[in-house]
Amino acid sequence: MFATRRKEAKAVDRVILHIDMNNFYASVETLYDPSLKDIPMAVGGDKERRHGIVLAKNMLAKAKGVKTAEALWEAERKCPGIKFVPPHFERYAKYSRLAKEIYMQYTDMVESFGLDECWLDVTGSRRLFGSGREIAEEIRARVKDELGLTVSIGVSFNKIFAKLGSDYKKPDAVTEFTRENFKELVWPLPAADLLFVGKSTQEALRKYGIYTIGDAAKADRKLLKRLFGKAGEQLSMYANGEDRSPVRRVNEHEEVKSIGNSTTAVHDLKDDGEIRAELYMLSESVAQRLREKGLCGYNVQLSVRKYNLETYQRQKMLDTAVADSKSIFDAAYGLFRAHHTGESIRSIGVRVSSLVPLGMSQCSLFEDAARGQKAQKLETTVDFLRCKYGGDIIDRGIKVIHKDLFQSAAENRRTHVENPFKGVAL
């Protein structure tokens, strides 16, 4: 009898909030300059130096069709007279921290998703603060009163639907998706509204008649897995509300999975020498950061954005895990030579993944692993000398021989070191 009752007992659902700070960068800039409140404005890069991408826009600019991540000239064409403001990341970091201090008064399970978004698990907080919706409404009011910013909050029984809820109604709103209403409210939404469903996935789904989240939920899971692999199975689970991923506690970080740098050029790169110099500088930076974290990697990835903003990525799996700049450069430049078709380049990036601790790399039967280990030891010694005596105490022969080329590359670049504002389109 007791066993039957236990089987019939319904599992208690979690209560998850997803908080999205509305037009975050633009809203923070308005706090510092109230004159921006009543005019179309966007936070963007340096238009003169070609770092012209919209990072955030206010509601007036959005009403004119301005979109995040589009070029500044596109935004200006849609909204003549729009005011562009340079980004001040220290301001955004400050207000992100202040908002998180409010969230942490309700739970210690606060997981950041970029500077302006957080998940909260308030399952254990309801006895103190009320229902999930009541907690969300209280946080929304406090952020508005104490920080002068607005947030949209989704409330649900899993992270995916909570995120969907914060996007459902903006600005300054709370939306709740429950077991009872999610089929009515969530399933009619486009499949692309689900987290991690990008444009290419959306187009692929349409080929099989899957347009909405409901279509994905009702589709045969085995078919989706056969068509899209593990991602197809995950899509089916998300659409049916079966996400069980936990909300991590404050300061509980995920394991580092990759390390990379990219650079956007002031002028498009065409000359092979310039491109090699850029790749070498990026490879050296990535290698140094790998060694600082005591890691090496088997997989080298190259990303290239052409002059027309078309982007492609290629990767190469090595037989030996590496953390020296020459090995990374050789792999990245080899990928470039094999796949690039001659167009001028706007930006280029190098990344190393499939990471393992230094010293745990499996020896290769096909390459001189000892030579790679020697190179890593040499560069570790260089790291030590630079740390003790300064960055200019020692340099590579290739940089001395091709001093002008590397100087030109240094002046023509803007390096993004593993974007600290993850989740924000830069």
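Reader: Hi! What does K170 count as at 35% relative accessibility?
Author: K170 counts as partly exposed at that value, 35%. On this scale, buried means under 20% relative accessible area, exposed means over 50%, and partly exposed is in between, using a 1.4 Å probe and protein chains only.

Reader: Before we go on, what sort of model is this?
Author: It is a predicted model, where local features need pLDDT of at least 70 and side-chain atom pairs count only at pLDDT 80 or more, while totals for chains, interfaces and linings use all residues. Residues are numbered from 1 along each chain as its sequence is written, and side-chain values use heavy atoms, with hydrogens and water left out.

Reader: Is D20 buried or exposed?
Author: D20 counts as buried, with 8% relative accessibility.

Reader: Which other residue meets K170 in a salt bridge?
Author: That would be D167, at 3.7 Å from N to O. D167 is partly exposed, with a relative accessible area of 35%.

Reader: Which residues are linked in the network of salt bridges?
Author: The network links D20, E117, K163, D167 and K170. Within it, E117 bridges to K163, with the closest N and O atoms 2.8 Å apart. E117 is in strand β6 and K163 in helix α8, so this pair ties together parts that are 46 residues apart in sequence.

Reader: Are E117 and K163 buried or exposed?
Author: E117 is buried, at 8% relative accessible area, and K163 is buried too, at 10%.

Reader: How many salt bridges does a search of the whole structure find?
Author: The search finds 21 of them.

Reader: New topic: how many cavities of 30 Å³ or more are there?
Author: The count comes to one. A cavity is a set of points, on a 1 Å grid over the protein atoms alone, where a 1.4 Å probe fits but cannot get out, and lining residues have an atom within 4 Å of a point. Grid points are joined across faces, edges and corners, and a volume is the space filled by probe spheres set on the points.

Reader: What lines the largest cavity?
Author: The lining is made of M21, S96, A99, K100, Y103, L115, D116, E117 and C118. Helix α5 (89-103) and strand β6 (117-121) are the elements that give two or more residues to it. The largest share, four residues, comes from α5.

Reader: What about the backbone: which bond joins K170 and P171?
Author: A cis peptide bond joins K170 and P171, with omega at about -10 degrees. P171 is in the loop between α8 (159-168) and β8 (173-176).

Reader: What is the phi of N23?
Author: N23 has a positive phi of about 45 degrees, although it is not a glycine. N23 is in the loop between β1 (16-21) and α2 (24-32), and is partly exposed at 24% relative accessibility.

Reader: And S354, what is its phi near?
Author: The phi of S354 is near 55 degrees, again a positive value in a residue other than glycine. S354 lies in strand β12 (residues 345-357) and is partly exposed, at 34%.

Note on methods: On a 1 Å grid over the protein atoms alone, a cavity is a set of points where a 1.4 Å probe fits but cannot get out, and a pocket is an open set with protein on both sides within 12 Å along at least five of seven lines; lining residues have an atom within 4 Å of a point. A salt bridge is a side-chain nitrogen of Lys or Arg within 4 Å of a carboxyl oxygen of Asp or Glu.
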